[in-house]
Amino acid sequence: MLFSLSSWIALIATLLCTLRAVYLDKWATADLQGSSVHESPRNVEGPNRWTMSDGNVAIGTEPDNIFYFVQVPFLILTPHSTAWSSISKANTMILTVIRPAYISIPIERIHYSFPAFSQVGSSNHQHLAEWKVYEKALSESGVVDGWYDLRGNHDCFDVPGWYDTANMYKDYAVSSRRLEEGQGVYEWEISKGTGKYKFVAFDACPKRGPSRPFNFFGYMPSSGMNRLADSIIGPEDREPYNHTMVFAHYPTTTVAFGTSDDGYTYTDLANQFSVYFCGHLHKLLGGLGDALKGYDPKTHSLELELGDMKDHASYRIVAVDHDLISFVDVNLPLPQIPFTAPNIPKAIDGESILPESIDMPPVVLITNPKEAKWILQYKEPVARIAQSKALRFLIFTQEQDPNSLRVEITIDGIEHPYPAQYKGVGVPNGIGQGYTPLWTSEWDPQSFNDMEEHTLRITVTDSAGRQGVDESVFKVNGARIDINGGPGEWIIWSKLSLSLKRCCILVIGSILALLLIPKLYSDYTPIGSPRYTSAARDPILKRIHTLSKEPHTLANRTRYHVWLWTLRCIDLPRNMPVVWAGTLIYTLMLISLPWFKGEFIPVAQKSEDRYGLFYLSGLRISDEWVPLADTWMFALFEIIFGLAAFVVIWIWRATDSADLHCSGTSRIRTLNERAWFKALVVIMWLWRASEVLALGSFYGGVWPTLVQNSIIWWLLFAGVAIATGKDGIFVRRSVKERNSSIWGRCIICHKSTTDQEEDDTRRSLLDNIDDDPGSHSSSSSSTTESLQGFNVIKVRKSRK
Ligand SMILES: *[C@@H]1O[C@H](CO)[C@@H](O)[C@H](O)[C@H]1NC(C)=O
């Protein structure tokens, strides 16, 4: 018996539960793994088609080799709240003014109301009226071709499955048939001039959509990755596309990408495509994500998030000019869009819902020279910039006659000597009709070819005085410059769904280590030796006593606290065995058992489709795994604030402060023994309890979510421990006296308790005098004080 029985049990239980946790995780994410029946995947390095010498296609003043399209985050607001009419207006404007080659729409309906404030749960569901409005807006605009829509996470809130009636996207969206046939992936192509372009859209929504809040992340199972790889990589002998672009609702950081059966990962795909367009994060909060855009230097691909229609009324125009990709993010003139509540029933009953067009200032998009921070190395023919004959830009305006526009061009603030000329083709008469409002102006790139950054600025004023501006910071040699996107760029590349999982595992691992290692260490007894329970503890305590008498340098204080906390960890299983065991059991339950039962999809008919179990690695609904990273996000918060924080408090309390002093009394309170600290602990407990109650309000109320819920039972356990356990708030604190000073000597460090203190005083007294030999008179008061202190100790001693 190297360890005590309790240690053995704890050790074996931890091993078994860890094995089960690994097994559960493998099982839950089996859909992402891919069958891997094939050998190693085909080498899919990026196309590398363009070398710096390639410039055989000259960029001139002709309206050739150029097309553009629009990306709109399409948000319909709930009938109870504000206006979908803004969307219809945007729609009208984009359709009548911009007339793109196509429009790509990650639809997403946004709900302002929160269950707690409106009818319970109502904002979580799909609303038929919203979809009818959407369908009607499209039919009134005459949109048939060139409109590609995709589901967002709000469109799969509370949706039991693709074929369920709650999946209104299936019945009302334009591209639902394509998406269904491609089982989550669809694609289309455009040919323009000498170029051939491919566009791929995919749906990463959960196959069973829980209602909020566990519906923020997306995932792409192997089956979906197979189809994505087919679309993006294709067979080996396929003619390459000039550019492949990908559309999704979720930024990659919020998607768990699986591996295809051929072994292709997301990186293999990114090597092949140029740009990943997405929405979802709504520019985040407080301007943090103002630039949720990033360039991945490994795969040479761009990821461009677009703010939303709700708060920012943003949309994006993307132009591809001689294979150089440029874009501009535009905000609608919000003040002009009244947020009136529409009369939805009336609209559905046949009245026109398309509002008049709004007053739009001109929108300018520079396509040559392309902005240097969005350059795609190896995927764009950047050498064409240096050989180009003209500046090129698109102007979108409500003005009928292009020549009534006033166009001002400056480079580095200096007026450009050549005039701007309208070279557009076509008339604005529908999506995909080849309308191209191109403008050009001659230039000589060589006079700017000095490896430096230059700024081209184009200002357009229409006859009503409305202005539009675009700027391009370019380099003629086609070199990239950093995006400098700050936190937004960091978020794009942070692999949030993976990091959450890793953090969670790290925190759980640390908690288990804190609980187990000190216990095993203090229990360890070599075979044949008698068990002596304080063998590990006493040397540490002795160090603490010694260190507490050393001079208070930083190094000493640090060492003191390291030993102190080590001692506390060792004391937890000794002094609070029930709390220790309970914490260990709860931690092991978290990794190996479901946390709680919840009504995740209330709209479902059958109860097994409605209710599911929450596991760390995913939700399990009706014998199927939904491996959303939402579980890791929830778990991370719960484990840090609902478990780790309590573990720290238990450890803190484990050692009696009386033990820390040679005198053996606990008259000196440590921080955690003070009343205000205990009040904080109570507040934290109440906060955690309120979070669990909120969870219950989301997912089915008292019986399923609150009773069949290990968090609740843990909180009750923790509450009892806080209140009545060691140093609990209801435990009257008596001044404890450790029976440590036998004949005035500390049994731990074998120093005379009183002599030691006397020594200290005497030494500091001498120090005081020695420090300041020249000024006896000035230090006399402190000397008296010290002497008085000395006397006090003398008196105390003599009383003993
Ligand atoms: C498209 O690619 C082909 C071959 O890779 C190239 O010759 C052509 O110039 C490209 N088209 C455009 C518009 O750049």
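Let's start with a pair of helices: helix 18 and helix 20 lie roughly antiparallel to each other, because angles over 145 degrees count as roughly antiparallel, and here the packing angle is about 165°. Please keep in mind that this is a predicted model.

So where do you find this pair? Helix 18 covers residues 675–698 and helix 20 covers residues 710–724, and their axes are 11 Å apart. The crossing of these two helices is left-handed. From helix 18, the contact uses Val681, Trp685, Arg688, Ala689 and Val692. Facing them from helix 20 are Ile711, Ile712, Leu715, Ala718, Gly719 and Ile722. If you sort the residues of this contact by class, you get 9 nonpolar, 1 polar and 1 charged.

Now let's move to a second pair, helix 15 and helix 17. Helix 15 runs over residues 577–592 and helix 17 over residues 630–654. Their axes come within 11 Å and cross at roughly 160°. Are they roughly parallel or roughly antiparallel? With that angle over 145 degrees, helix 15 and helix 17 are roughly antiparallel to each other. Their crossing is left-handed.

Among the residues in contact are Ala10, Ala13, Cys17 and Arg20 of helix 1, and Trp580, Leu584 and Leu588 of helix 15. The classes in this contact are 9 nonpolar, 3 polar and 1 charged.

Over residues 578–596, the chain is 79% helix and 5% strand, with end C-alpha atoms 24 Å apart. Over residues 632–654, the chain is 100% helix and 0% strand, and the end C-alpha atoms are 30 Å apart.

Next, two local details in loops. Asn368 and Pro369 are joined by a cis peptide bond, with omega about -5°. You will find Pro369 in the loop between strand 14 (363–368) and helix 10 (383–386). The other detail is His322, a residue other than glycine with a positive phi, near 50°. His322 sits in the loop between strand 12 (314–321) and strand 13 (324–331).

Finally, a word on confidence. The chain averages a pLDDT of 79, and 74% of the residues score at least 70. Over residues 76–86, though, the pLDDT is below 50, and this stretch has 39 contacts in the model beyond near neighbours in sequence. Residues 106–123 also stay under 50, and the model gives them 68 contacts beyond four places in sequence. Where pLDDT is low, the predicted coordinates should not be read in detail.

How values were computed: Residues numbered from 1 in each chain as written. Predicted model: local features only at pLDDT ≥ 70, side-chain atom pairs only at ≥ 80, totals over all residues. Heavy atoms only, no water. Axes fitted to C-alpha atoms, helices over the stretch in contact; angles between N-to-C directions. Helix = DSSP H or I, 4+ residues; strand = E, 2+ residues; numbered from the N terminus. Parallel < 35°, antiparallel > 145°, perpendicular 65-115°, else oblique. Left-handed = near helix turned anticlockwise from the far one by under 90°. Contact = heavy atoms within 4.5 Å. Nonpolar A, V, L, I, M, F, W, Y, C, P; charged D, E, K, R; others polar. pLDDT = per-residue confidence, 0-100.
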